[in-house]
Amino acid sequence: MTILQNLAEPSAERVAYRPEDLAATVLDWLTSAVGQAVVSADGSRVSSSDVELVRTMISAIDTIERRAGGAECRATARRYLHDVALPMLQREIQADTRSDLFSAVAELCEIVGWMYYDAGQHGAGQAYFTQALRLAHEVGDHALSAYLMTSITHQALHVGQAGAALRVAKAARNVAESAGSPQVLVEADLLLARSHAQAGAVGEATTALRWAEQSYEQIQSAETRTWEPQWDEIMFASHAGTCWNDLGNTQEARRHLTQVWERSGDRPRRRIYSAAELGIAATREGELELACHYGTEIISLSDNVDSNRAQRHLERLAAKLKPFKATHVVRSFFDQSGLNPESVAK
């Protein structure tokens, strides 16, 4: 647990993101082991009721994080992980509970990883994702492992590591397929498509999108576990629209992303993301007023969301608008956003 012991300290926020470690992360999943639990001093054993308490806490944290996020929520989740959940792994565990416990703690590690990722603290996020993979591997939970690989892929795409993202997405797809998890397979296929699209590989991206559509058709009758993606048309459209935007197909991008924008009123971060992508598409078509409209929507929504990713999406749109900074509408957008057009970068 050394990596997480280090992350429990305040200096966790300064951990560096290491794209060169992404391939090693998957290899580590194939070979690592966490170690055997030891008998606690009082002789107590972790039972299924303890696991249920962890899952109840996971549900509460996940709900709050998805709605608003923020440093306070992140600190609470981290303390619970380090002070309550992880120590359970070092106690004696009932035989029929061990697998569920390790998987539950892996899920919690992943949620904390997303919190750091959302805050722009990518090194800490990467480390929690990696540790989650180790825990899932320890109990042979391959479906969860594949899901965790998709989180790692998502982060790699966000920080511009398309090549590394592609390698992990391929691994996630293979593991999800062998584990028989159609929900995870949909996400792996979509992230594979997005990785190809970021790299400019049109044929490979469109092929992966077709795979994703086929995988999506298989999930309707499949039972889901608590952590598995709860797929709907809006989630699918968000990924597919982004892929088409990266490929330069504005018409298809808008068709998908408009659905996301119009039907995500209760999910501010998803709405911010779709506004940024729609603004980028509008800029490409020369519709500067519309692009700036989406930009001002992001500014308004960001007032109620503590998220580094939200700011990053505004900056991505601003970078596309930068060549038109001399126009009145774009100049007004930059004034309202507080961004310096000379300092924004893709």
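Helices (H or I, at least four residues) and strands (E, at least two) are DSSP runs, numbered from the N terminus. By that numbering, serine 307 sits in the loop between α14 (288-302) and α15 (308-321). This is a predicted model: local features need pLDDT of at least 70, side-chain atom pairs count only at pLDDT 80 or more, and totals for chains, interfaces and linings use all residues. Residues are numbered from 1 along each chain as its sequence is written, and side-chain values use heavy atoms, with hydrogens and water left out.

**Serine 307**

- Serine 307 is buried, at a relative accessible area of 10%. Buried means under 20% relative accessible area, exposed over 50%, and partly exposed in between (1.4 Å probe, protein chains only).
- The side chains of serine 307 and aspartate 118 make a polar contact of 2.7 Å. Such a contact is a pair of N or O atoms within 3.5 Å; within protein, one must be able to donate a hydrogen and the other to accept it, and residues adjacent in sequence count only if both atoms are side-chain atoms.
- The serine 307 side chain also reaches the backbone nitrogen of alanine 310, at 3.2 Å.
- Setting aside neighbours within four places in sequence, serine 307 is in contact (heavy atoms within 4.5 Å) with Asp118 and Arg269.

**Aromatic pairs**

- A pair of aromatic rings is described by the distance of the centres and the angle of the planes.
- There are seven aromatic pairs in the structure. Rings of Phe, Tyr and Trp (its six-membered ring) pair if their centres lie within 6.5 Å; planes under 30 degrees apart count as stacked, over 60 as edge-to-face and the rest as tilted.
- Tryptophan 114 and phenylalanine 129 pair edge-to-face, with 6.2 Å centre to centre and 65° between the planes.
- Tryptophan 114 belongs to helix α5 (residues 98-118) and phenylalanine 129 to helix α6 (residues 122-138), so their pair ties together parts 15 residues apart in sequence.
- Tryptophan 114 is buried, at 17% relative accessible area. Phenylalanine 129 is buried too, at 1%.
- Tyrosine 116 and tyrosine 128 form a stacked pair: 5.6 Å centre to centre, 10° between the planes.
- Tyrosine 116 is in helix α5 and tyrosine 128 in helix α6, so this pair links parts 12 residues apart in sequence. Both tyrosines are buried.
- Ring pairs also join Trp114, Tyr117 and Phe129 into a cluster.

**Charges over rings**

- A charge sits over a ring if NZ of Lys or CZ of Arg is within 6 Å of the ring centre and within 35 degrees of the ring normal.
- Arginine 98 has its charged end over the ring of phenylalanine 102, 4.6 Å from the centre.
- Arginine 271 lies over the face of tryptophan 261, 3.7 Å from the ring centre.
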